[in-house]
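Me: I have a model open and want to learn how to read it. Please take me through a few features, one at a time.

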Amino acid sequence: MFFEELRELEEGKLLREIKSRTSPQGPKILINGREYINFSSNDYLGFANHPYIIEAAKRAMQSFGFGSGASRLLAGGTSLHRELENKIADFKGTESALVFNSGYSANTGIIPAIAGEGDVIFSDGLNHASIIDGCRLSRARTFIYRHRDIDDLKQLLKSASAKRKIVITDTVFSMDGDIAPLKDIYEICERNDAVLYIDDAHAAGVLGSGKGALKHFNIKPEPWIIQMGTFSKALGSSGAFVAGSRDVVAWISNTARSFIFSTALPSCVIAASIAALGLIENDSILVKRLWANRDKLAKSINDLDYEIMGSETPIIPIKTGDVENTLRISQYLYDNGIFAPAIRPPTVKTPRIRITITAAHTDEDIERLIELLRKEKRKRGLIHRNVGRTKR
Ligand SMILES: Cc1ncc(COP(=O)(O)O)c(C=O)c1O
């Protein structure tokens, strides 16, 4: 069964391989006993192996054990779950918040809870797969507007009539690393009486001094804005949240199937998220270091004349041509001790190497990547002697 289908994937060089680390997540990882500089994680602040966070998780395990044993509505949650929700509401400036088990389960649970038949969703063309799946599950009519195209969104909003209109956008796009024009989207939603649902997965801990996209754009968390975010990226933990008005969050906790019908996260995971939030709130140095590393790497890649596809954040895609070339460059980096994965269809339309930089990378890590990218271009005669030193 599935033999032919698998062979087709293999022939198209689209078969994916699961790699297993034998070390903690971080800027250097071990795979099959060999060390790699890791440019593939979303652990933007280096929290996935942070001693303070590990201690918090250990303490929670001692107090609450490991497994949670039931869903939240059946007392699978602990006082830590509630504490995290209160902290998130505070952090986001909303009345209320609710924890989900993952970003994927949040989007596939929340979107069908807030939209249904008779409603209309307007979704950015490059929104994350979990949003796409959430829209499908909702059964609401869904219009896809061109990526970050405000005029297209305006046109679609004008032409559709519905009980409820909901605009959904990633704030930082996970494969392109660009940022949604949130101020414009906010104004359009306000004018059209539409709900704004944002996925802040790659903005939490990164934009707005770590507080996320609304802070970055100086937008007030109005009751008609629903903020979803994850603990699984910059916060180095696992799980997700929705933050919004008391009524919206109460409605979601009563109707989102992925919340109701799923076992609560273990309290040690929750404690890790609480600790990570505390670190971000009390010290902005890591966020600053993340951005300093990002700017340095993006400039160096640009100087080599690689195309970074509109990246504005620590997600830096490098356009690498067809699938074969993308795989070849990724393998070249891998053979030389750098893990930077090839991202191919169907995940994206345009193949690319997706680089993610973190606060934990050193100057030497960045310089090693640049050295290999320069060699790769030189090997193929695509680089002149001066490129990589002075341009742009
Ligand atoms: C924009 C976006 N939303 C949601 C998710 C899903 O989050 P999680 O990995 O916690 O399920 C991701 C992660 O890949 C993402 O990039």
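Me: Which strands does helix α12 lie across, and at what angle does it run to β10?
Reply: Helices (H or I, at least four residues) and strands (E, at least two) are DSSP runs, numbered from the N terminus. Axes are lines fitted to C-alpha atoms, for helices over the stretch in contact (heavy atoms within 4.5 Å). Angles run from 0 to 180 degrees between N-to-C directions. Here α12 (residues 285-303) lies across β10 and β13, at about 10° to β10. This is a predicted model, where local features need pLDDT of at least 70, side-chain atom pairs count only at pLDDT 80 or more, and totals for chains, interfaces and linings use all residues. Residues are numbered from 1 along each chain as its sequence is written, and side-chain values use heavy atoms, with hydrogens and water left out.

Me: What is the strand order in the open sheet?
Reply: Two strands pair if DSSP finds at least two bridges between them. The order is β10-β13-β12, with antiparallel pairing. β10 (315-319) and β12 (342-343) are the edges; each has a single partner strand, so one side of each lacks a neighbour in the sheet. Between β10 and β13 (residues 352-356) there are 5 bridges. I318 has I353 as its bridge partner in β13.
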